[in-house]
Amino acid sequence: MSYDEWFRQDRLPHIYCAGCGNGTIINCTLAAVDQMGWKKEETVFVSGIGCSSRAPGYILTDSLHTTHGRALPFATGVKMANPDLHVVVFTGDGDLAAIGGNHFIHACRRNIDLTVICMNNQIYGMTGGQGSPTTPKGCLSSTTPFGCAETPFDLCELATAAGANYVSRWTSYHVKELEKAVKVGLETPGFSFIEALVQCPTAFGRRNKFRQVADHVDYLKVHSLLKAKRDRMLDAGEAIPEDLFVVGELTKRSRPALGVKL
Amino acid sequence: MTRVEFWQGNTACAEGALAAGCNFFGGYPITPSTEVAEHMAAKLPKKGGVFIQMEDEIASMASIIGASWTGARAMTATSGPGFSLMMENIGFAAMTETPCVVVNVQRGGPSTGQPTMAAQGDMMQCRFGSHGDYAVIALCPASVQEMFELTARAFNLADQYRVPVFIMADETVGHMREKILVPDSVERVLRKPQRADVLPFHADEDLIPGFGQFGTGHNVHVTGLTHDERGYPAATNPPLHAALVQRLVDKIENARDAMADYDIINPDAEQVFVAYGGPVRPVQQVLHDHPEKNIGFLRIRTVWPFPEKALAKFKNAQRFLVPEMNLGQIAREIERHVRVPVKSLGKLGGELHTPKELAAALEAT
């Protein structure tokens, strides 16, 4: 399936590195948007700063590429001022969880009707590979040369605790699941948060023993623990290995939301 | 037709915004500007507008820019510490040519300073506070009446020039209560729409591009990166960056005369006060008390871009005296334009100059 009509063909080639996972996530998102039957003139993409935040610049709709960490308050202004617009936010782990962390929890708390797709590459890619709030313990980056000593954020647990109506996590390996999750997010009134773990061969992979792009994608696949399986393991009293991360639909509820089209 | 009210300055500011058709307010509480937000919170929803209290001033500024791209007449209000937080997104608004109105009811700084006392210490920050070169418009009210009128005008200037416009009030004007004549309606000058056959950031002869409102099918890409006329990033193109930033500055500076707003009193005087905002009031008192002295007075409402030609109208001026509630921020701007001495009467502490102090300054060397 092709979504050529959603892309600005005159902006190609794009800036993403060979092997980058962001294109996969953008494709899954546009597939879901396309299935919604939305018109271009009623859809707005908003982003902050970073590799993931360059995505709206390649999409043929109104789009707002803002300041670092601030995509959500900009998107809040767009959505509150005109609830008829469908507003989708692209962000990354540094943009959303570090500099934009406060905006993230408050957008979740307001449960404002946005769909937020976070491409989590666990590193600052655009600035050359510095550690981020989701860099796993022990991983190497240009600012954690002896291994990251800090505990990473679980963005999905944060979104759930802060009040988002819909939360799911997948990876660049799980394209079908991701596309479906984005679509459910688009359909769900209120704040929808979809975290997509992605490989970053340039800034993360080459420092952390992923010699091939496929090695990193395979790592994401192997270390994904389906939520249903996690629940069964918990019921059985089994320990969850620390190097696994849970994927699937983690939260779905219908709390009162802000900015919903009447 | 007008009606008479007895209002606080901050109330008049909010009412001026409502009269101008402001339909989006994003803000965060801060003394001494909070009454603007409170008034908007009570009034905007009843008029079909949106009030939202954001998590901080960074988010407030972001929200009004987002709202503006949907066509809203959007506004926020703050004071020093919040103004500092807004700076990055003010630069974004300048770069993306987003119409918006920012009210700063100035208090004593730096830092938390004097939350409940007056100052004019942010006059240079509003002109130059965000990084990079750009230009803005700043209006300084000196009365409750002007809080209403200049706020209403700010929306027209923001739309016309596609630029952030500042109401640089101060605590004395924000919290004073006095009589105001409220008009039934105010003039509205709306932003020029983008034409279908023109690129979204292609400027006309007035150096201002038509506005491609979100939701109207223009597919505008808005970025704070250096961008070409399509709105596409072109951050490593030196001539393009130079031309863009030059245009952002020229579209305001070239319109200096069109947006100048000042009064000239006693143009043949030898000693001339120059004032804006709160200190206008004690200067008026000095002129009232000493009609025999032929004291000159340049009273400025549009401080940025600075109306330099007004200074030349005082042909006999031997000295300009500049009472400000800062250490001479605008006095230095005046020095750039005149050949006679400029005496800065900067006053810190949070209180207005007294007429007695200003009268004494006329006699001092």
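Which residue in β16(B) does Leu321(B) stand opposite? I looked it up: Lys343(B). A reminder to myself that this is a predicted model.

**The sheet in chain B**

I traced the strand those two belong to next. Strand β15 of chain B covers residues 319-324, and five bridges join it to β16(B), with the two running parallel. Then I followed the whole sheet: it is open, with five strands in the order β11-β13-β12-β15-β16, and the pairing is mixed. At the edges I found β11 (262-265) and β16 (342-346) of chain B, each pairing on one side only. From one strand to the next, the twist averages 15 degrees.

**Two domains**

I checked how chain B is divided and got domain 1 (2-183) and domain 2 (262-363). Their C-alpha centres lie 25 Å apart. Where they touch, 26 residues come from domain 1 of chain B and 18 residues from domain 2 of chain B. On the domain 1 side, α5(B) gives the most, with four residues. I sorted that side by type: 18 nonpolar, five polar and three charged.

**The core**

Which residues touch the most other members of the largest nonpolar core? I noted Val78(A), Val89(A) and Ile137(B), out of 174 residues. Helix α6 (residues 144-161) of chain B gives the most to this core, with 10 residues. Domain 1 and domain 2 of chain B each put in at least three residues.

I finished by looking around Ile137(B). Leaving out residues up to four places away in sequence, Ile137(B) touches Leu157(B), Tyr161(B), Val163(B), Val165(B), Ile252(B), Met259(B) and Trp304(B).

Technical notes:
Residues numbered from 1 in each chain as written. Chains lettered and ligands numbered in written order. Predicted model: local features only at pLDDT ≥ 70, side-chain atom pairs only at ≥ 80, totals over all residues. Pairing = 2+ DSSP bridges. Axes fitted to C-alpha atoms, helices over the stretch in contact; angles between N-to-C directions. Core = buried A, V, L, I, M, F, W, Y, C linked by C-beta atoms within 7 Å. Buried ≥ 20, exposed ≤ 12 C-beta atoms within 10 Å, placed from the backbone. Domains from an automatic or database assignment. Contact = placed C-beta atoms within 7 Å. Nonpolar A, V, L, I, M, F, W, Y, C, P; charged D, E, K, R; others polar.
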